[in-house]
Amino acid sequence: MTRGRTVFRLAVLGLLLWAAFGCTVEIYRCGWLRWADPWSAAEPGTWRFLSGHVARLDAFLGGIGEHLPPGTTVAVSSAPGTEAERFLRTLWLVYLLPEQRVRHARTTAQGLAADYWIAYGTRLEHPRLTVVDETEEGTLYRVAER
Amino acid sequence: MTAALAALTALVAVSWALGDGLLRRDGRESGELRLVMSWITGLVVLFLLLLGLDLLGLPWGAANLAPAVAVVLLFCWFGDRWRDCGATAPGRWSLGWGDGLAAAALLLFVACTALLWNLHPDFIYHWGIKGWKFALARGIDAPWLASPEAAHAHPDYPNLVPSLFALTAILGGSHQEAPVALWSALYFALTVLAARALLARLGASPFARQAGVAVVALTLAMFSVGYLQAGGADTLITLAVVAGGALLAGEPDRHADVRMGWVAAFAAAAKIEGMALAGSLVAVYLLRRWRQAGSGQRLQLPLAVIRTSWPTAAVAGIWAWQVAAHGLFQPANAGAFDLSRAGVVVPELFRSLMTVNWHGLPFCLLVLPFLLAARRVRPLAAVCCLQLAFYLYVYLSAPVDPREYVITSAARLYSHLVPAVLVLLIATADRMTHDRPAVTPPTPPLRPAAERPGR
């Protein structure tokens, strides 16, 4: 075997070992993040599917879901987090409520073009909003017609 | 869960049967490449059938899909008897230590995916929600895609991935994440098989083949778990690049024309980036075919153009019609080319090479210009360069914050090319340091179709 060939084999084996090391690290890290669940409630953009925040959100929706007929439009306001993070929380609700048309709403001042309104981690006050269901996590309102 | 897994298994089997039935035998095709091409073809055909049902206003489901699949399979069955089916290769598989490592990496990926540890964030924001909406609508939910609520979900993207999710959910009778995310395991396995075929076609030594397969599989597992890629569409582009590379490394002929057509359509059906990839795969392939054709054979080139282009034209044509008819195009996907953005984009692209979950492997992309000098790997290296150039063009033209855009996407886009470039690198270095002149593996002897058992 030539010297070049030996160098090639050593280099490829080094690459292989490096890839195996990287693979092990990533699987370990992924598993650790699954169990440590270090994500902040204020940063839904970091949440993973099995994180506790998602489980709480899902449980909340499971509780109020019976009041939300399929096909209805649901506006969502939430807290905590920046506006960008609140929007991402709405996207989690879009995913978890596929039968409804879920839209992001910053405040009631933008208008009430929805059948229902979910306030997650916050409360809303508006004469056209009537509380339908309430839990520690949030509130579901029905939007009265004008 | 059991019903959803059964639906997934049935769809995987049906897609293989469709592809295997439609593709004529090519005596020079290895067993692993045959599997890869069958599945890629079958998935595109299944998608075209779904699009056909959608265009006819028929709801997706077993009642409407089964007759359509049966018609295609009957066509293949009778067609096999009417035409000259070419010949079949002996199809021997010799497995080695690299295959064992690759299988272990695949199993780890499957385990992580089944546990939903590595579900793609875009599964929530994009692919998964589209799949559930399509399942509920029993077809492509154009009204929802056209609504402001879907603006975040890339309504103007091609729909192969969410359509497969929807079909799995419809046939399985429920919306569950793990069974649909496991589609990614199929793409993972096919990418490894395609890498194996590519190494063989590049004339790599047995050691380089085994090492190359193991490196590709471990790299896929590393990034797909660490960067959460299960349930996304990027793995399809990775597969299309490697599978297209295996075709580019072989002899261009009418069999390769057909296969390249399906691979390009597969890429185009997966993502917008795949549309560009389809174009460069077909262009590089046809250029190679034109250069290798003798003066007498050039008359056949128009037929080759049709064979390589019509599947992509079908997928892209229906997609373009849907986007135009429902007003789905997003303004953020188009903008004026602005070279001044390079001052932000290029440094961020270099920073993305060091993304922690990649462990430095994307640095292999920097050797691409040198790989263009190696004749044997030049076609695939050219495709990779064109794809990188496309990404750079998008970064320099999209009307969004370029820094944020690169940070949130570049590491993922590298995954389209890194496995293919690693294979090219290993094969080229292997050839350069070989003790004896590298030889192309001998073409297996062709057996007439009539002698093939069981057909």
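**View 1. Helices α4(B) and α10(B) run roughly parallel to each other.** In this predicted model, the axes of helix α4 (residues 97–114) of chain B and α10(B) come within 7 Å and cross at roughly 10°, so they fall in the roughly parallel class (angles under 35 degrees; over 145 is roughly antiparallel, 65 to 115 roughly perpendicular, the rest oblique). Axes here are lines fitted to C-alpha atoms, for helices over the stretch in contact, with angles from 0 to 180 degrees between N-to-C directions. Helices (H or I, at least four residues) and strands (E, at least two) are DSSP runs, numbered from the N terminus. On the α4(B) side, look for residues including W97(B), L101(B) and F109(B); on the α10(B) side, F207(B), A214(B) and L218(B) are among them. Contact means heavy atoms within 4.5 Å. By class, this contact has 14 nonpolar, three polar and one charged residues. Ala, Val, Leu, Ile, Met, Phe, Trp, Tyr, Cys and Pro count as nonpolar, Asp, Glu, Lys and Arg as charged, and the others, Gly among them, as polar.

**View 2. α10(B) also meets a helix of chain A, α1(A).** The axes of α1 (residues 3–36) of chain A and α10 (residues 206–226) of chain B come within 8 Å and cross at roughly 25°, so this pair is roughly parallel too. Its contact residues divide into 19 nonpolar, three polar and two charged.

View 3. Rings of Phe, Tyr and Trp (its six-membered ring) pair if their centres lie within 6.5 Å; planes under 30 degrees apart count as stacked, over 60 as edge-to-face and the rest as tilted. Over all chains, the structure holds 21 aromatic pairs.

**View 4. Chain A has an open, mixed sheet of five strands.** The order is β2-β1-β3-β5-β4. β2 (101–104) and β4 (129–134) stand at the edges with a single partner strand each, so one side of each has no neighbour in the sheet. Strands pair if DSSP finds at least two bridges between them. β3 (residues 116–120) and β5 (residues 138–143) of chain A run antiparallel, joined by five bridges; Y116(A) has R142(A) as its bridge partner in β5(A).

**Notes.** Residues are numbered from 1 along each chain as its sequence is written, and chains are lettered from A and ligands numbered from 1 in the order in which they are written. Local features need pLDDT of at least 70, side-chain atom pairs count only at pLDDT 80 or more, and totals for chains, interfaces and linings use all residues, while side-chain values use heavy atoms, leaving out hydrogens and water.
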